[in-house]
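Student: I would like to learn how to read a model of a protein chain feature by feature. Could we take the general idea each time, and then the case at hand?

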Amino acid sequence: MRTATYFFIFLNLSLAVFEEPAVYPLPFLVTSLVEVLCLLVFFGRLTHFAKVTRRNVFWKDTKNICIMVAILLSLIDLAIYGVLRIYNVRSIRWSRIVRPIFLINFAESRQIRRAFRSIRNTLPEITYVFLLFMFSLLMFSLMALKLFGERNLQTAEGLPYFKNYLEIVFDLYVLVTTANSPDVMMPAFDFSSWYALFFIAFVIVNTYIFMSLFLAVVYNNYKKHLKVMFGGLNCD
């Protein structure tokens with residue numbers, strides 16, 4: 001039953017590859033029948049678990065409540081989406097975001113649940129570093145707006161360069177990953193090569209300092225919580 005449960009969880013998660021918009025699209029009837037089959041298996045597994053568990057224990061277990069709510073939401077969303085398709089109304093399958101709940105909350109997924117709990121416990125402790133990073137990003141974006149916003153620069157596509165503050169924040173956020181480097185700085189660099197110093201300072205502070213600090217805090221706190229859990233202090 002454990003193997004069957006994992007198989008149908010994997011099948012349910014893989015539907016995202018075949019549902020519209022999809023990499024390999026399949027007819028809606030096929031994907032919906034597969035999803036209903038998966039949900040029936042999940043409900044059957046939950047029913048079987050309820051038969052061998054005391055009622056007061058079963059209903060007090062948050063994992064079982066989460067699974068039942070996820071099944072109900074998936075069926076409601078599937079029904080609404082199907083009716084809207086009949087009337088040629090475009091909609092979105094919002095219930096996709098609840099599918100990982102099945103992977104986390106079944107009794108067979110104890111190790112995954114432990115890892116997920118470690119990640120959850122780590123989040124509050126990295127909030128301060130993340131806020132500092134966001135503050136730095138917002139300040140650099142404000143400086144970029146003041147430096148380049150009034151110089152009527154244009155991108156290679158002929159669009160205004162660093163005119164909108166939110167667009168600047170997004171462009172610099174992408175620059176932290178160096179994905180749009182050096183394209184994002186070329187209009188400013190063509191205007192004056194001295195402006196390259198701004199982007200060099202930004203990359204040093206945010207990519208090499210803050211990202212390294214962020215990674216170190218995440219790793220150390222995650223390792224600490226994982227040791228506690230596998231040490232038996234907070235197993236399940």
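**Reading helix H7**

Tutor: At 1.5 Å a residue, the 12 residues of helix H7 (residues 165–176) should span 16 Å, and the end C-alpha atoms of H7 are 17 Å apart, which agrees. The expected span is 1.5 Å times one less than the number of residues, and helices (H or I, at least four residues) and strands (E, at least two) are DSSP runs numbered from the N terminus. This is a predicted model, in which local features need pLDDT of at least 70 and side-chain atom pairs count only at pLDDT 80 or more, while totals for chains, interfaces and linings use all residues. Residues are numbered from 1 along each chain as its sequence is written, and side-chain values use heavy atoms, with hydrogens and water left out.

Student: Which residues of H7 are buried?

Tutor: Buried means under 20% relative accessible area, exposed over 50%, and partly exposed in between (1.4 Å probe, protein chains only). In H7, the buried residues are Ile 168, Val 169, Leu 172, Leu 175 and Val 176. They cover an arc of only 120° around the axis, which puts them on the same side of H7; the arc is that of the directions from the helix axis to the C-beta atoms. An α-helix has 3.6 residues a turn, so residues three or four places apart point the same way. The exposed residues Leu 166, Glu 167 and Phe 170 are carried by the face of H7 turned away from its buried side.

Student: Which residue caps the N-terminal end of H7?

Tutor: A polar contact is a pair of N or O atoms within 3.5 Å; within protein, one must be able to donate a hydrogen and the other to accept it, and residues adjacent in sequence count only if both atoms are side-chain atoms. The cap of H7 is Asn 164, with a side-chain oxygen 3.0 Å from the backbone nitrogen of Leu 166.

Student: Where do the side chains of Thr 53 and Ser 74 reach?

Tutor: Thr 53 belongs to the loop between helix H2 (28–51) and helix H3 (55–60), and its side chain reaches the backbone oxygen of Phe 49 at 2.6 Å. With a relative accessible area of 19%, Thr 53 is buried. Ser 74, in helix H4, has a side chain that reaches the backbone oxygen of Ala 70 at 2.8 Å. Ser 74 is also buried, with a relative accessible area of 1%.

Student: What should I look for in the backbone angles?

Tutor: Most residues other than glycine have a negative phi, and most peptide bonds are trans. Asn 88, which is not a glycine, has a positive phi of about 55°; this residue sits in the loop between H4 and helix H5 (100–105) and counts as exposed at 72% relative accessibility. Phe 162 likewise has a positive phi of about 55° without being a glycine, and this residue lies in the loop between helix H6 (110–148) and H7. At 4% relative accessibility, Phe 162 counts as buried. Just after H7, Thr 178 takes a positive phi of about 65°. As for the peptide bonds, a cis bond joins Ser 181 and Pro 182, with omega about 0°, and Pro 182 is placed in the loop between H7 and H8.

Student: How many cavities of 30 Å³ or more does the structure hold, and what volume has the largest pocket?

Tutor: On a 1 Å grid over the protein atoms alone, a cavity is a set of points where a 1.4 Å probe fits but cannot get out, and a pocket is an open set with protein on both sides within 12 Å along at least five of seven lines; lining residues have an atom within 4 Å of a point. Grid points are joined across faces, edges and corners, and a volume is the space filled by probe spheres set on the points. The structure holds one cavity of 30 Å³ or more, and the largest cavity has a volume of about 80 Å³. Its lining includes Arg 45, Phe 49, Asp 61 and Lys 63, and the elements that give two or more residues to that lining are H2 and helix H4 (62–86). The largest pocket has a volume of about 340 Å³. Of the 18 residues that line the largest pocket, Thr 155, Glu 157, Tyr 161, Asp 183 and Pro 187 are the closest to its centre. H7 and helix H8 (186–191) each supply at least two residues of that pocket's lining.
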